[in-house]
Protein chains: 2
Amino acid sequence: MARRSNRRTRRSESAELPQASRTVDYHNLINPFTPQTVFSNDEVEALHQNALRILEELGIKILLPAARERLKKAGALVDHDTFMVRIGREIVAQALASAPAEFKICGGIGDKDLLVAPGRLIFKSGAGCPHAFDRERGRRPGTLKDFEELIKLTESFDALQLLGAIVEPQDIAIHERHYRTARIQLSLSHKAPWVYARGNNQVTECFEMIRIMRGISIEEFKQSPYCSTVVNTNSPRQLDRPMAQGIIDFALAGQLCIITPFCLLGAMAPITVAGALSLQHAENLAGITLSQITKQGAPVLYGSFASNVDMRSGSPTFGTPEQVKATLGSGQLARHVGLPWRSSSGSGSNIADAQGAHETDMSAWAAVLAGANLMIHSAGWLEGGLTLGYEKMIIDMEMVQSFAELCGGATANEAELAFEAIADVEPGGHFFATQHTMDRYRTAFYEPLVADSSNFGQWQEAGSLTADQRATSVWQKRLETYTPPDIDPARLDELDAFICNRIAEGGAPLMD
Amino acid sequence: MARRSNRRTRRSESAELPQASRTVDYHNLINPFTPQTVFSNDEVEALHQNALRILEELGIKILLPAARERLKKAGALVDHDTFMVRIGREIVAQALASAPAEFKICGGIGDKDLLVAPGRLIFKSGAGCPHAFDRERGRRPGTLKDFEELIKLTESFDALQLLGAIVEPQDIAIHERHYRTARIQLSLSHKAPWVYARGNNQVTECFEMIRIMRGISIEEFKQSPYCSTVVNTNSPRQLDRPMAQGIIDFALAGQLCIITPFCLLGAMAPITVAGALSLQHAENLAGITLSQITKQGAPVLYGSFASNVDMRSGSPTFGTPEQVKATLGSGQLARHVGLPWRSSSGSGSNIADAQGAHETDMSAWAAVLAGANLMIHSAGWLEGGLTLGYEKMIIDMEMVQSFAELCGGATANEAELAFEAIADVEPGGHFFATQHTMDRYRTAFYEPLVADSSNFGQWQEAGSLTADQRATSVWQKRLETYTPPDIDPARLDELDAFICNRIAEGGAPLMD
């Protein structure tokens, strides 16, 4: 962990020792760790060659004719009967050469902009969950109210820098859902919103809603990503219609597309780490190629969501040693092709218990050590993403904020070396009352969100509450004290008029 | 993470693809990660110089006259009125030069031997806990029965390679406790036992009990460590009588002494990481110097147990960002002086909940990434060590075993790259039934100890059990199926006769 900068600032010039004001910037994080590896360089090259061979000899099934056409024009071998597309390594190499290694994601105001670049570390909450859970209201199909509350909670944490499709509002008709979720994201936060790639109609409308709220032209919009989507391949070796359309739409609009194969070892991918990563790499290269032949330089992230199944139940598992290894290998492959990349943390636990914390922590450490630039599902994921837990989100934010603190590093200047303070305290004494401590105690340490350091007796008297029980009041208080961002009411009026018109016209259907 | 070796062995020559037998050796672990840093090299040198200045100019209070005498003979400046000892940097440098960078800890049989060397990673359970807790019997003062059960559990886990003073058997008189705990350790396990440095009488008797059970002479015993102890300084800058005596006794007998200042940021140490580590380093250097001037080459470990207090309650906290930074810095200092070192994981939580898992995981990752050679308190620590939790131990062993799995690395040979398997599965299909999967599924993945991957409905039907609730039956089953090691009954008879005689003579008093 290399020291980045001395983030302590002098608060009082009058004190004999400088006072420390702990102002870790949770928004612009630089990963303090050296990327770790699981494969040798030769093995990484073998994985890369294996993926190129998969694309060249076996090919990938692409269900969208327009995508096949684009790849055919670029030189790929296309069989329109079987939908199979075989992509030569020269085409892939060209695509990799044009994909940007660094770009900016624009927020609603400048200080919500994010730089995606080597060494940068961005956290996003759990996403894509059909259900929501909290200890008071129980487990239920996600609603728009849940979506709104969870976006407010996201907004309340500086260490979550991107918005996500945090929970699926199942109470809203699918052809209207993108209006409602876009409005919530754009009115309750300045962070860059999420857009689902559910077909050209919805995507185009989402882009327009973002332009309205950001007050920018189509041309300005195309200059930088203002939103992101995730394109999941239908592993193994298949890309469905809305996902392929998403790659095309996002590339044409210059918006961020995060390619993410879902390669579960032993299920949708080979049971070996090397086999699963070969498949994941091949699918990434296919998606990146479609993006870059659509528009050279379109912002795209390499993606990994590799873990293993429980071979008895067939269920996906998270935070396992195999997932850690697959994540480290994914980072090596992303760096091998010179692209920024996304990884994930998350848990398969049904509840925010010790299993849940262990799995999320293990997978998050893997992502951080693998040098992931974006960690999705950092907070709130239960049941492998079937449920977004409010309490789980709070507990996981303790972890996310701890990583953010680690990005602040440490320094060892004369005042911090504390020779005089050590001289002032007698052997066997304590430092509680020294000036050195008094000058710093308010800001020296990270203040926990939910961790309880009371002793056993105090803890019993307070009701013997577990961390998830304590977390309930934490999210409730954060919702109570949530402050909306400063939004131009004229733009919001324009957005509402747009949405009203579109709904009156019947909304936008999903792409099948 | 560098690949260490291909640990998969060929089980069946007849299968088209080689079958994989997952035989990760949990006993001899090599840390797969590159040591991470928090300070620059210049800062590490500044910390080292600060510690030398502390020892030279301020000194350390040593309560044992014999220890002061030894240091005086070595050239230190001693004030017998104030007990203060000031140690010059030349004396420290000589001690560091003679302390071994590598040595073997001998177990009762050869395959329980442990190499302590750069890159090696050894796990030890939580230790020193006055209380025990399990979900059926509740929280209670530790008993000999708890001690025995917990040593049996330790024995049942290959990934715990050293025994520890896991819980304090408060039902046994203090002057007899060392007999009882030594007998349990030496009869129920071949792993190297723990000895408390509670004065020369008890230590000498423990050494004799070990020699009886190992069937070795005093001279053989002195050649290699057969046991370990931890010497805690009474931070700041104080070493009490039994601890100083322990350093001397263990050095003279060639047994392993683990120097461990307890430097809580803001309490017994300065509030800054750099200040606390300066103090910790100075106390380490003093202890190592006393060891080496007593006997050059005596096996000794540098030690860190730095964390921070909650500045509102004054309670120690664990798994915090400050602890992670302090641990990374401790590793840098240990490497700076060329010594193997111990770190810790552990939790301040009162129960085996999400807080407990998060804190233990965070501190354990810090220790692994800091290149610690021994991680104490790896499993079972609740309440910052006031309680050893049976369920917490099981939950933490999931983490320890996961780290052990990571030490196995991954490989990418042709069979693992799985091109043929990928070719065999149609796009959008699955790998469950492929030969490649069938050949490997029994051993491909780490099998969880307590993690549950059943879906929400199944989990509800099974009683909605949290991880700590499930862990109860795990430790119970492990105790039921515990198999004692093969112990020579003649040696055990000799040990019992020794203990019987000594108790008849009144036992051995504690040193005050």
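A:Glu283 is found in helix α9 of chain A, which spans residues 273-294. The model is predicted. A:Glu283 has a relative accessible area of 1% and is therefore buried, the cut-off being under 20%. Its side chain reaches the backbone nitrogen of A:Arg237 at 2.6 Å. A:Arg237 is also among the residues that A:Glu283 touches, leaving aside those up to four places away in sequence. Others in that set include A:Ile60, A:Thr233, A:Ser235, A:Pro236 and A:Gln238. A:Ile259, A:Pro261 and A:Cys263 belong to the set too. A:Ile259 sits 24 residues from A:Glu283 along the chain, and their C-alpha atoms are separated by 8.4 Å.

**A buried serine**

A:Ser363 lies in helix α11 of chain A, residues 354-369. Its relative accessibility is 2%, so A:Ser363 counts as buried. Its side chain reaches a backbone nitrogen, that of A:Gly346, at 3.1 Å. Beyond residues up to four places away in sequence, A:Ser363 touches A:Gly319, A:Gln323, A:Ser344, A:Ser345 and A:Gly346.

The two side-chain contacts can be set side by side.

| Residue | Helix | Relative accessible area | Backbone nitrogen reached | Distance |
|---|---|---|---|---|
| A:Glu283 | α9 (chain A) | 1% | A:Arg237 | 2.6 Å |
| A:Ser363 | α11 (chain A) | 2% | A:Gly346 | 3.1 Å |

**How the two chains relate**

Chain A superposes on chain B by a rotation of 180 degrees, with 0.0 Å of shift along the axis and an RMSD of 0.0 Å. That is the relation of a two-fold axis. Which residue of chain A comes closest to the rotation axis? A:Ala354 does, with its C-alpha at 2.1 Å. Of the interface residues of chain A, 100% are also interface residues in chain B, so the copies meet through the same surface.

**An open sheet in chain B**

In chain B, 4 strands form an open sheet. Their order is β5-β6-β4-β13, and the pairing is mixed. Strands β5 (77-79) and β13 (238-239) of chain B stand at the edges. Each has a single partner strand, so one side of each is left without a neighbour in the sheet. Strand β5 of chain B runs antiparallel to β6 (residues 84-86), and 3 bridges join them. Within this pair, B:Asp79 stands opposite B:Met84 of β6.

Helix α1 of chain B (residues 41-58) packs on the sheet. Helix α1 touches β4 (60-62) and β6 of chain B, and its direction makes about 125 degrees with that of β6. Helix α2 of chain B (residues 65-73) packs on the sheet as well. Helix α2 touches β4, β5 and β6 of chain B, and its direction makes about 130 degrees with that of β4.

**Strand β10 and its partners**

Strands of a sheet pair through backbone hydrogen bonds, either parallel or antiparallel. Strand β10 of chain B (residues 131-134) is joined by 4 bridges to β11 (residues 138-141) of chain B, and the two run antiparallel. A hairpin through 3 residues joins β10 to β11 in chain B. B:Phe133 stands opposite B:Arg139 of β11. Strand β10 of chain B also runs parallel to β21 (residues 387-389) of chain B, with 3 bridges joining them. There, B:His131 has B:Thr387 as its bridge partner.

**Aromatic pairs**

A:Phe305 is buried, with a relative accessible area of 11%.

B:Phe221 and B:Tyr226 form a stacked pair, 5.7 Å centre to centre with 25 degrees between the planes. Both B:Phe221 and B:Tyr226 are buried.

Ring pairs also build a cluster with members from chains A and B. From chain A come A:Phe33, A:Phe123, A:Trp365 and A:Phe403. From chain B come B:Phe33, B:Phe123, B:Trp365 and B:Phe403.

How values were computed. Residues numbered from 1 in each chain as written. Chains lettered and ligands numbered in written order. Predicted model: local features only at pLDDT ≥ 70, side-chain atom pairs only at ≥ 80, totals over all residues. Heavy atoms only, no water. Least-squares fit on C-alpha atoms with pLDDT ≥ 70 in both. Contact = heavy atoms within 4.5 Å. Buried < 20%, exposed > 50% of the residue type's maximum accessible area, 1.4 Å probe, protein only. Polar contact = N/O pair within 3.5 Å; in protein donor to acceptor, adjacent residues only side chain to side chain. Pairing = 2+ DSSP bridges. Axes fitted to C-alpha atoms, helices over the stretch in contact; angles between N-to-C directions. Phe/Tyr/Trp six-rings, centres within 6.5 Å; stacked < 30°, edge-to-face > 60°.
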